[in-house]
Amino acid sequence: MDFRHNSKTNGDYDLLKELALNLIWSWSHKGDELWKQLDLDLWIRTQNPWAILQKMSQDTLQKALSNSEFRTLLDELISRDRESESRITWFQETHPDSPLTSAVYFSMEYMLSEALPIYSGGLGNVAGDQLKAASDLGIPIVGIGLLYQQGYFRQVIDAEGNQIAFYPFNSPEQLPIRPLRASNGEWLKIEISFPGWAISLRTWEVRVGRRRLYLLDTNDIANYPPHRGINSELYGGSVEIRFQQELILGIGGWKLLDLLGITPEVCHLNEGHAAFAVLQRAKHFMNSTGLTFDEALTATRAGNLFTTHTAVPAGFDRFPPEMVERYLGKYAENELKISLQDLLALGRVNPTDSEEPFNMAYLALRTSAKVNGVSKLHGHVSRSIFQDLFPRCPREEVPIDYVTNGVHVPSWHSATSNSVWVEHCGRERWLGTTEELEEKFKAVSDEMLWDMRNKERQNMIEYGRERIQRVWKARGAADEDIALAKNMFNTKALTMGFSRRFATYKRANMLLHDKERLLKILTNTEKPVQLVLSGKAHPADKPGQALIQEWMQFIHHPEVRPYIIFLPDYDMQMATGIVAGVDLWINTPRRPWEACGTSGMKVLANGGLNVSELDGWWAEAYCPEVGWALGDGKDRGDDPEWDAQEAEQLYDLLEKEIIPEFYNRNENDLPTAWITRVRESMARLTPHYSANRSVREYTEQCYIPAAKRYKERSSDKGAPAKKIVEWKHSIQEKWPKLKFEKVDVQSEGKEHRFEASMDLGGLDSQEILVELYAGAEGELPIVKLEMKGNGPFKTSVANDRPADRFTVRATPRFPDVAVPLELPLILWQK
């Protein structure tokens, strides 16, 4: 639209544009009424203010501005937005002298809003929620990602229950993004080299509250036509397309930071997809200091953090060595000044195995100073997955920590639940620490909680009715079926939800194990139950698609149809509606294959309860007062008999505990036991499993220490890093000569006394850490005691186990070097 002939209208349009291009509206809904007044129908269908502005005529705007209430609301929103930008944040208040001034977050996907569909599922959910929480808390971080022309697929279910994938085009002018421009107005573009071609990357900016997300896009008219489509699909195309996307994300992303003059101390890799960024970071440091690649990597890795989300080794991206050579051979030789074999070694278990693929997760781990999983159990699983990189290291010492994920609560709570939270905990409860929220929320009355839950359930059912009517109309359903959809579901019945990716390990068909028993549960006239389903299977995942079809065939039975609804094309907007209204969230992954899982966290703030496998976050969150658990807390593998046992356990829980508790009412028709459980779940779990908590943990446990390490190692043009490399080379040369000559032990009274004599092989005694070690036995914990001395090395230990259960070992030691992560050497007493 063109407002050049009316300067006042043009100025007002600029104000609306300022609001529309800040995705804070995706979690702060103060402006919803503004956009509804401009185009209610388009707002309901898209919740995209930018699309509304693009469609709006000058007459529509002038009419809206002539309304005093609209004008006042616009001015208030602009004022709040600018005040929010200037307020003192948690980070500024808590860490005023922090060494962290800038961090960068790399991710293949971000779930920020349905208006910007550049996500698939859990990984993007975590990235988007953490970026939003960083805005709330004032963490100085920027995001780097890719702009996809089609993104992840959209889903249609045909009359036979088959999933059909569609890829609508994401027209950039309809997305809440804007081109990055230089001071002279020129569109900023990045160039990255491919074999025989230079790829031009367009750059875009997304405003996420206080933070910025920068996106790279290959659809530049100057590019060779096949290259324009590299960013066509998220997780689609060939292995080579995937490799190209990851090169663009990592190398192109760091080049963009250089162009913008952003010099982060910390680089956070959200999965291994972006690991090529660490190579470009090291290259940039080489150019500015004259160091070798090894020295530059030693300096910069101090500021690198790798978060792994994968629970099975098959989930890591692996690429053929010849592909790495074709795309990165010259880059390694000419830019990094290393051999191709040195580069390949960073992504392999066995550097000399020419057939071993290049593993992006290995590259990320070997170039980072800290690695974490995304739940306590996943940290344990990840230590097993990466054990091969630390072959002589006990599994519990494989250097992988964990930070359990959390969700950005303001993005997922309903307006109804938000009003309850505001009344008891205040409007700014997610802008700082949350430890005091539990006690405050426990003051909410039974009546208020139950009224909240009834309204949320009704709103969700109304949303589902409207959505399924549109789907059935588009499918050409009969009028009587559409009429049925208008009255589907009982607004007072126990409503269960299962909405997530349909992959076989998530066991979406567990409830179908005994269809007659399930039908009996659903059709109980005294205690009715209904089920909302939604989710996609990857277009290449035929077994996952078969799970959807099995459900659709069951739902098509006339006696089932009134009690189960499958809402196709699961997306963020739909998820927001579902998690707000369900009473019970069902999660049935095969332990330990769910790294964390965040879908069940989203129901917490809205008063939904969880019944879930003891996997991921629920393995650490569960207690009987807040929900129900499936399984026995053990890893059972892909065992059909165990799957059947857990299905029976789920039916039993529903029939004997969950449904009776929901319908057991007092004289005021309140399910007091259910409400008590809801209150405990909301109060205890919502604050802890929030992105507010997880981002504060990342900041204090990872970012700030990493920034300090990076500044120390990169000081004096990387001189400390150069010393570390010299020390490592010396250790590696002398380590084979290190050996234990004799270990003596004397047991007297209540202790064992150990003395170890060693041939240091030319090493100084201060360069090694000698320890007495014993593994855990029953209730006895792991023992690790430093043995003192310059040789022999001595220590004593309680004799709570036989002396032969202890052994002596040696590892390298150097100030501020993370062993074994940076130098996986260990010598055990034979």
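Asn 610 stands opposite Gly 627 in strand S20, and S20 (residues 627-630) is joined to strand S19 by four parallel bridges. Two strands are said to pair if DSSP finds at least two bridges between them. Helices (H or I, at least four residues) and strands (E, at least two) are DSSP runs, numbered from the N terminus. This is a predicted model, in which local features need pLDDT of at least 70 and side-chain atom pairs count only at pLDDT 80 or more, while totals for chains, interfaces and linings use all residues. Residues are numbered from 1 along each chain as its sequence is written, and side-chain values use heavy atoms, with hydrogens and water left out.

**The parallel sheet**

- Strands of a sheet pair through backbone hydrogen bonds, either parallel or antiparallel.
- Strand S18 (residues 584-587) pairs with S19 in the parallel sense over four bridges.
- Within S19, Leu 609 stands opposite Leu 584, and Asn 610 stands opposite Trp 585.
- Five of the five residues of S19 (residues 609-613) are buried, so this strand is largely enclosed by the rest of the structure. Buried means under 20% relative accessible area, exposed over 50%, and partly exposed in between (1.4 Å probe, protein chains only).

**Helices on the sheet**

**Antiparallel strands**

- Strand S26 (residues 807-812) is mostly covered, as six of its six residues are buried.
- On one side of S26, Thr 807, Arg 809 and Thr 811 are buried, and on the other Val 808, Ala 810 and Pro 812 are buried.
- S26 pairs with strand S23 (residues 768-774) in the antiparallel sense over six bridges, and Leu 769 stands opposite Thr 811.
- S26 also pairs with strand S27 (residues 827-828), in the antiparallel sense over two bridges; Leu 827 is the bridge partner of Ala 810.

**Helix packing**

- Two packed helices are described by the angle between their axes and the distance between the axes.
- Helix H18 (residues 415-425) and helix H20 (residues 446-475) pack at an angle of about 155°, with their axes 8 Å apart.
- H18 and H20 are therefore roughly antiparallel to each other (angles under 35 degrees count as roughly parallel, over 145 as roughly antiparallel, 65 to 115 as roughly perpendicular and the rest as oblique).
- Residues of H18 that meet H20 include Thr 416 and Val 420, and their counterparts in H20 include Met 448 and Lys 455.

**A buried helix**

- Helix H8 (residues 122-137) has 15 of its 16 residues buried, so it is largely enclosed by the rest of the structure.
- Just after H8, Gly 138 takes a positive phi of about 80°.

Terms used: Axes are lines fitted to C-alpha atoms, for helices over the stretch in contact, and angles run from 0 to 180 degrees between N-to-C directions. Contact means heavy atoms within 4.5 Å.
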